[in-house]
Amino acid sequence: MVFWGPGQVVAILLVIIVILVSAWMYFRLTLVKCDSTADMKGKTTIVTGANSGIGFYTALDFAKRNARVILACRDKGKAESARQEIVSLSENSNVAVGIVDLCSMKSVRDFANKILSEESRLDVLVNNAGVVATGKPKEMTDEGLEVIFAGNYFGPFLLTNLLLDLMKKSAPSRIVNVSSVVNKFGSIDFENLNAEKSYQFQNRYFDSKLAQILFTRELAQRLEGTGVTANVLHPGSVATNLLRNLFFLIRVPVEFFIKLFCRTAEEGAQTSIFLSVSEEVAEISGKYFIDCDVRESEANPQSRDMGVAKKLWEVSERLTGLSSDN
Ligand SMILES: NC(=O)c1ccc[n+]([C@@H]2O[C@H](COP(=O)([O-])OP(=O)(O)OC[C@H]3O[C@@H](n4cnc5c(N)ncnc54)[C@H](OP(=O)(O)O)[C@@H]3O)[C@@H](O)[C@H]2O)c1
């Protein structure tokens, strides 16, 4: 057996501390910020999941740039308190609340119809809302969709499609989809798209984040020549409420690490903001971004399979009921 003396223990601890502090400093110094000063006066924007985390800071940024901002949230109370905070921090009173539960295609339709009847334009749509875990076993909605995939992918798919004509009318306009680096662990299995064969919450999250990228690529192709762009991003590892439904023995240590070594929600919002406002990307569409930069090599190779993207679109049209509109 090896016994270390007190001097050796102190030396090892010092080395660990130096490594951790260096890693922390490297992480802080390499953070990327959207440096665009673009003003959004006269523009209307929608941010889903804007009551919390990355969505809140994305919406706050748009409000500070003088946009009309619609906070698309599922909980009226949380949405209203976020609205009040954004109005007070931005000194822009043109901030509204819209209620939508992205797991429910009926709710998505009601929300989209309200937007179409009340808004004359839509310049930026940020599909930001997301859920990792529900904290319950496999859950299906009344409409027969598995909840995690519905909230992360089917809802945003339907919402975007229902708002497309308004966005085309408002062109140049932009769609920004918030995916995740974990798309790399996902795969699209058309036999299990709705968890028919198997269910593990983390796989549903990974697969739905891959689906968002495939959706963005197919959408960008369909939008060519319309003046509407669609891009997708990973926001980085961000300290938010995203893991709130995980089992506490996993959540507590992970959240502790995240608080120390991950970016704040405001820092995590930078790529969403960049894709929504920067002149640099005005003409770019169908790309995967990290840290305000195209990072195609870091996306799941299946995300470039346009055969899968096309099939996913067609299946999604059917499962969300969009095909019966056309
Ligand atoms: N945090 C990270 O490290 C990280 C990393 C990669 C990707 N992302 C992605 O970033 C996006 C924002 O997440 P966040 O980290 O900011 O987490 P967050 O603080 O938990 O925010 C998620 C937002 O989505 C909303 N939401 C969830 N399900 C919804 C539904 N069915 N209908 C409408 N709204 C719904 C939540 O509303 P409630 O408050 O009512 O629940 C909340 O406003 C997500 O798409 C996430 O996948 C985050």
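Helix H6 makes the largest contribution to the lining of the second largest pocket, with three residues. Before we go there, a word on what you have open: this is a predicted model, in which local features need pLDDT of at least 70 and side-chain atom pairs count only at pLDDT 80 or more, while totals for chains, interfaces and linings use all residues. Residues are numbered from 1 along each chain as its sequence is written, and side-chain values use heavy atoms, with hydrogens and water left out.

**Stop one: the second largest pocket.** Select Pro172, Ser173, Arg174, Thr229 and Ala282, which lie nearest the centre of this pocket among its 26 lining residues. Next, colour strand E5 (173-178), H6, strand E6 (228-234) and helix H9 (270-277), the elements that each give two or more residues to the lining. Helices (H or I, at least four residues) and strands (E, at least two) are DSSP runs, numbered from the N terminus. The volume here is about 410 Å³, meaning the space filled by probe spheres set on grid points joined across faces, edges and corners. A pocket is an open set of points on a 1 Å grid over the protein atoms alone, where a 1.4 Å probe fits, with protein on both sides within 12 Å along at least five of seven lines; lining residues have an atom within 4 Å of a point.

**Stop two: the largest pocket.** This one has a volume of about 1100 Å³. To find its centre, select Gly130, Val132, Tyr205, Thr240 and Leu242, the closest of its 49 lining residues. Helix H2 (53-64), strand E2 (68-73), helix H6 (201-222) and helix H7 (248-261) each supply at least two residues of the lining.

**Stop three: Val228.** Pick Val228 in strand E6. Val228 is buried, at 3% relative accessible area (buried means under 20%, with a 1.4 Å probe and protein chains only). Beyond its neighbours within four places in sequence, Val228 is in contact (heavy atoms within 4.5 Å) with residues including Met167, Ile175, Leu223 and Ser285. Show Ser170 too: 58 residues separate it from Val228 in sequence, and their C-alpha atoms are 8.6 Å apart.

**Last stop: the cysteines.** How many disulfides are found in the whole structure? A search finds zero, a disulfide being a pair of cysteine sulfur atoms within 2.5 Å. Select Cys34: the nearest cysteine sulfur, that of Cys292, is 5.7 Å away. Cys34 is buried, at 7% relative accessible area. For Cys73, the nearest cysteine sulfur belongs to Cys103, 14 Å away, and Cys73 is buried as well, at 1%.

Note on methods
Buried < 20%, exposed > 50% of the residue type's maximum accessible area, 1.4 Å probe, protein only.
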